[in-house]
Amino acid sequence: MIYSLPKHFNHNYIDKFLNQFGHFLKIKKAHEPGFTMDCTAINNVSVVGMLLTYKFMEFTFSNSRFLSPTFQTDIYFEKFITKYGFEDLLSSIVKGLSENKRNKIFSSLDVKSGENFIIAPYPMNREKIMSYVDFQKRYIDKITEYYKGSSATEMIFPCISEILLNFWEHATKDNQSILVAEGNKNKIEIACADTGEGILGTMIKGRPYLTKGKNDIEILELAMKKDITSKINTNHMGRGLWVLNEFAKKTNGTFYVFSQGVGLCTKFGRTTYFKSGFWPGSIIYINLPLNNIVTMNDVLREDLSLIPSIKLNLT
Amino acid sequence: MTINLEKYGELISDKALGEIILTEIKKGLKSSGNVTLDFAEVKSMATYNAKQIFGQLYLKLGPKDFFDKIIFTNTSSSISSIIRLGITDSISNSAELIDS
């Protein structure tokens, strides 16, 4: 059977993508024959569209989900594959290269900076293909340079900080959590996805009493609350997703979370929760307009007014 | 003793890096009695790291010694807010542990 991707595969299509393809990610059987993904109708793919196409292929190939699957592409789609730095990664999956060889590809990827800047796929894996210092040199320095003279990084870096630390720490059972981003002077999109355990799974495991009797949407709502972490008695504060959502709310940006059949969407300052197609793990997507810079201080303002006087010796 | 955090990059957002910084501060406290942390080039810090580094130090030293011995310089208001949040969370966690 042929499954076609739409003309425009951007963040507005994530939910539809999961409804269309999610059931293949619930591993029920292997070697299902006759799967074809048709990418030839695509006119435009955003960075999150490319990420999800890649993660879908990686997951289904590594789990032998299909028997001889076909991916139909054309010159337009291939142009986007190259643009976002997925060329060698996709071909490594099709060729069945080992994870070690794929890791070498990751370590050769870089930031592309022109009219837009693009963070090529960055693997947030536990074995650390790329050292943290290397990551800073390759990515952070270049983003700083791109936004020189603007306060955009006051908003971008806290978001990247929370994603980097919280995401790979929570994305258990998948050592290929991928971060991508694309930005220009008007907006930035950051997305990451893994096919590990997922937010619901880690919440149920880490907070059994808190999640008992709750449905999937209620568990996701719980995970989004500030100060609720799945990892109690650790240095985690349960702030990662909350901080990202607050940035989206305060800037009139967009924020999506999808995990294990549920999702949330924040748009125009309002958050809604809903049932979605299945994704084994988590997808986080944030799109922030840069015409209204909000800082971490703005996000934490209410909390700080409630914080008891903790004196710091600031000079 | 001054620790220039620039050498760790513009983002402090890594669990292992947080451990390295904490260890360096503890060593500095042992050898010099107080430590000045220069945040000049640091653009952001994950909330996890704030709790990991400063929450632990605050609980260990107590409010007075923390103020006297840990000196912050070139710290943006956003980073000092994150540090305050990390400390507060550590305090409430330790209170919960005592209560339970």
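User: How many salt bridges does a search of the whole structure find over all chains?

Analyst: The search finds 15 salt bridges over all chains. This is a predicted model, in which local features need pLDDT of at least 70 and side-chain atom pairs count only at pLDDT 80 or more, while totals for chains, interfaces and linings use all residues. Residues are numbered from 1 along each chain as its sequence is written, chains are lettered from A and ligands numbered from 1 in the order in which they are written, and side-chain values use heavy atoms, with hydrogens and water left out.

User: What makes the pair of Arg65(A) and Glu32(A) a salt bridge?

Analyst: A salt bridge requires a side-chain nitrogen of Lys or Arg within 4 Å of a carboxyl oxygen of Asp or Glu. In Arg65(A) and Glu32(A) the closest N and O atoms are 2.9 Å apart, so the pair meets the definition. The two residues lie 33 residues apart and link distant parts of the chain: Arg65(A) is in the loop between α2 (47–62) and β6 (66–67) of chain A, and Glu32(A) is in strand β3 (residues 32–33) of chain A.

User: Which residues count as being in contact between chain A and chain B, and how many are there on each side?

Analyst: Contact means heavy atoms within 4.5 Å. By that rule, 37 residues of chain A are in contact with 43 residues of chain B. The two chains bury about 3500 Å² between them, 60% of it on carbon and sulfur atoms; buried area is the accessible area (1.4 Å probe) that two parts lose on being put together, summed over both.

User: How many salt bridges and polar contacts are found across the interface of chain A and chain B?

Analyst: The rule finds zero salt bridges there. It does find 12 residue pairs in polar contact, both residues being at pLDDT 80 or more. A polar contact is a pair of N or O atoms within 3.5 Å; within protein, one must be able to donate a hydrogen and the other to accept it, and residues adjacent in sequence count only if both atoms are side-chain atoms.

User: Which element gives the most to the side of chain A that touches chain B?

Analyst: α7(A) gives the most, with 10 residues. Elements are DSSP runs numbered from the N terminus: helices (H or I) of at least four residues and strands (E) of at least two.

User: What is the order of the open sheet, and which are its edge strands?

Analyst: Four strands form the open sheet in the order β16(A)-β5(B)-β3(B)-β1(B), with parallel pairing. The edge strands are β16 of chain A and β1 (2–4) of chain B, because each pairs on one side only.

User: How do you know that the radius of gyration of chain B agrees with a compact globule?

Analyst: The radius is taken over C-alpha atoms, and the globule rule is 2.2 Å times the number of residues to the power 0.38. With 100 residues the rule gives a value near 13 Å, and chain B has 13 Å, which agrees.

Notes: Two strands pair if DSSP finds at least two bridges between them.
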